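Kindly keep the sequence and the model in view while reading.

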Amino acid sequence: MNKPKIVRPEESKPAHALWFDRKKYVTINFMVQKPKDVQVDIQPDKLILCCKNETDDVYYNELHFYDKVQIHDSRERVYDRTINVLLRKMKPDYAWPRLQKDPAKASWISVDFDNWRDWEHEEDEGKEEYDHYVDMIREMANSDKGEAPDMGDLSDVSEVFSI
């Protein structure tokens, strides 16, 4: 079952795309108002999108991915103002420094900073912080510093700082 090849229409422009990276997926949102006649062809190394908007402007995007994706676990969904494409990475836990293979930045591609996270060191930092916290608790439990200090003498602090 082969999809018909999407041919670039003569009068077309690229849709603006916002993308962000996650551990297992790359997400691209093509910004098109009221998209219709949407065609998306996801291949292991590239994506082709062709559609029209509410005023029949024709959009065509072709991008060659930074790395390979799993086509059977990638999908697109059409919304009122966007076409959302979720691409499953062939190599999970590998950060994409850019969306396209070509290091030259296309003018129609932007990073979606609202959804961007530097997930590469996320677990390590969290574990490091947790280990430090556990060590601190152990140290406090093992140190023979006597009873907790009486905090009753701090009641007049509010007067000093005029809370």
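1. Basis of the note. The model is predicted: local features need pLDDT of at least 70, side-chain atom pairs count only at pLDDT 80 or more, and totals for chains, interfaces and linings use all residues. Residues are numbered from 1 along each chain as its sequence is written, and side-chain values use heavy atoms, with hydrogens and water left out.

2. The sheet. Three strands, in the order β3-β4-β5, make up an open sheet with antiparallel pairing. Strands are DSSP runs of E with at least two residues, numbered from the N terminus, and two of them pair if DSSP finds at least two bridges between them. At the edges are β3 (36-42) and β5 (58-64), each of which pairs on one side only. On average, neighbouring strands of this sheet are turned by 5° against each other, direction ignored; the angles, from 0 to 180 degrees, are taken between the N-to-C directions of lines fitted to C-alpha atoms.

3. From β3 to β4. Five bridges pair β3 with β4 in the antiparallel sense. The two strands form a hairpin with three residues between them. Gln39 stands opposite Cys50 in β4.

4. From β4 to β5. Strand β4 (residues 46-52) is joined to β5 by seven bridges, again antiparallel. Lys46 faces His64 of β5, and Ile48 is opposite Glu62 in that strand. This hairpin has five residues between its strands, and Asp56 in the turn has a positive phi of about 65°.

5. Is β4 enclosed or open to the outside? It is largely enclosed by the rest of the structure, because six of its seven residues are buried (under 20% relative accessible area with a 1.4 Å probe, protein chains only).

6. The nonpolar core. A nonpolar core is a set of buried Ala, Val, Leu, Ile, Met, Phe, Trp, Tyr and Cys residues joined through side-chain atoms within 4.5 Å. The largest one has 24 residues, and Ile28, Phe30, Leu47, Leu87 and Leu99 have the most contacts inside it. Two or more residues each come from β1 (16-21), β2 (25-31), β3, β4, β5 and β7. Beyond its neighbours within four places in sequence, Leu87 is in contact (heavy atoms within 4.5 Å) with residues including Tyr25, Val26, Ile28 and Phe65.

7. A buried loop residue. Gln100 lies in the loop between β7 (82-89) and β8 (109-111). Gln100 counts as buried because its relative accessibility is 14%. Residues up to four places away in sequence aside, Gln100 touches Glu62, Leu63, His64, Phe65, Tyr66, Ala106 and Ile109.

Conventions: Helices (H or I, at least four residues) and strands (E, at least two) are DSSP runs, numbered from the N terminus. Buried means under 20% relative accessible area, exposed over 50%, partly exposed in between (1.4 Å probe, protein chains only).
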